[in-house]
Amino acid sequence: MAKITLDNLAHSYLPNPTGPDDYALKELNHDWTDGEAYALLGASGCGKSTLLNIISGLLRPSHGRVLFDGHDITDAPTAERNIAQVFQFPVVYDTMTVRENLAFPLKNRGHDAAEIARRVQKVGAMIDMEAELDRKARGLTADAKQKISLGRGMVREDVNALLFDEPLTVIDPHMKWELRTQLKKLHHDFGHTMIYVTHDQTEALTFADKVVVMYDGRVVQIGTPQELFERPAHTFVGYFIGSPGMNLFDATLDGRVGRVGEAVIDLGGHYEAPGRTQIGVRPEFIRLQSGGDGLPARVTRVEDVGRHKIVRLDVMGTEISAIAGEGDAIPADIDRIGFAPEGINVYADDWRVAPSGATAGKAA
Ligand SMILES: Nc1ncnc2c1ncn2[C@@H]1O[C@H](COP(=O)(O)OP(=O)(O)OP(=O)(O)O)[C@@H](O)[C@H]1O
């Protein structure tokens, strides 16, 4: 296992990039802690695969360096990096049996037969294919083949890192949950450094110790699921994580006071921020009121989603979401909303501002 350092890393697919827009990956400095499980989360095209392929050596970065445990491996070929990578679509040898496919990475590195048999049996159980170990891969479903790919990725215990690029895309929903649980268990048992690329927040939040959120070629926040929920460093994190995402209100700031339209909001701390300022409040922290302080609101829809209700409101022409308990009645006379103080975040030009006034959370 290894610590992975990204040092002034950036990548442009263009031969002569002239500005930030020409970079698929904007400059990034970060240490990926040895033995931690990371999810790389973001919308399609934000640069996740570019970053993963740089770490694995499939792509040489146009700027900066990659280090494994302090050794510069920027120019080392994939084979020398001692990593396992699982892709979105299965990569299996059709003419081999499932067992031979799983054994392949170990055989290649000269492991002895007993060790190979032990690991293959264990991984075969993990992917729920013990009964099919002696079947040829040809003719198996895409789903089964992807399980073999995952198994092959997990079969070696001595890798520097395990990289997964949307590996569960072709897997059926029930098995997805099962495999994700297995991957987490594997991480717990062996402590591999794992990087898991996904655009699915549930997958990211359930799998990872730390989630790396990417937006438009930039890492906008690296944090635990709780940090991403409570203190989104960028409005994109607020919007992308959570269901529904964070509500944003254009606001003017005056020390402890925020003004949204006519409403005056106690921000709970002193803020000074230039640029376009907004208040972000997750639906969980919106209070439904009839009368009193707050912003004028009109309930437009109530969606019962099982564990709770999502209440949609029109607040000064903008759709706002609030979450109410499963058993909560939604009175007809709701005409205002308020904010729970602990749920308020302040943003300037999309980046979170800490109460002291300093811009916080901007990832390098
Ligand atoms: N080989 C390439 N040549 C030129 N541009 C590329 C190449 N590969 C990716 N890009 C561009 O780089 C940007 C980042 O792509 P990347 O595949 O890293 O994103 P992603 O977040 O992994 O997306 P997805 O989830 O759709 O795979 C995109 O604008 C994409 O069009």
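Here are a few notes on a predicted model, covering a ligand shell, a strand and a loop residue.

1. Some ground rules. Residues are numbered from 1 along each chain as its sequence is written. Since this is a predicted model, local features need pLDDT of at least 70 and side-chain atom pairs count only at pLDDT 80 or more, while totals for chains, interfaces and linings use all residues.

2. Start with the ligand. Around it sit Tyr13, Ala24, Gly42, Ser44, Gly45, Cys46, Gly47, Lys48, Ser49, Thr50 and His199; a residue counts as near if its C-beta atom, placed from the backbone, lies within 6 Å. That shell splits into three nonpolar, seven polar and one charged. Here Ala, Val, Leu, Ile, Met, Phe, Trp, Tyr, Cys and Pro are nonpolar, Asp, Glu, Lys and Arg charged, and the others, Gly among them, polar.

3. Who are E3's partners? It pairs in the parallel sense with E8 (194–198) over five bridges and with E9 (210–215) over four; pairing takes at least two DSSP bridges. Ala37 stands opposite Met194 in E8, and Ala39 opposite Val211 in E9.

4. Finally, find Phe89, in the loop between strand E6 (83–86) and helix H2 (98–108). Why is Phe89 partly exposed? Because 13 other C-beta atoms lie within 10 Å. Phe89 and Ser44 are 45 residues apart in sequence and 16 Å apart in space, C-alpha to C-alpha.

Technical notes. Helix = DSSP H or I, 4+ residues; strand = E, 2+ residues; numbered from the N terminus. Buried ≥ 20, exposed ≤ 12 C-beta atoms within 10 Å, placed from the backbone.
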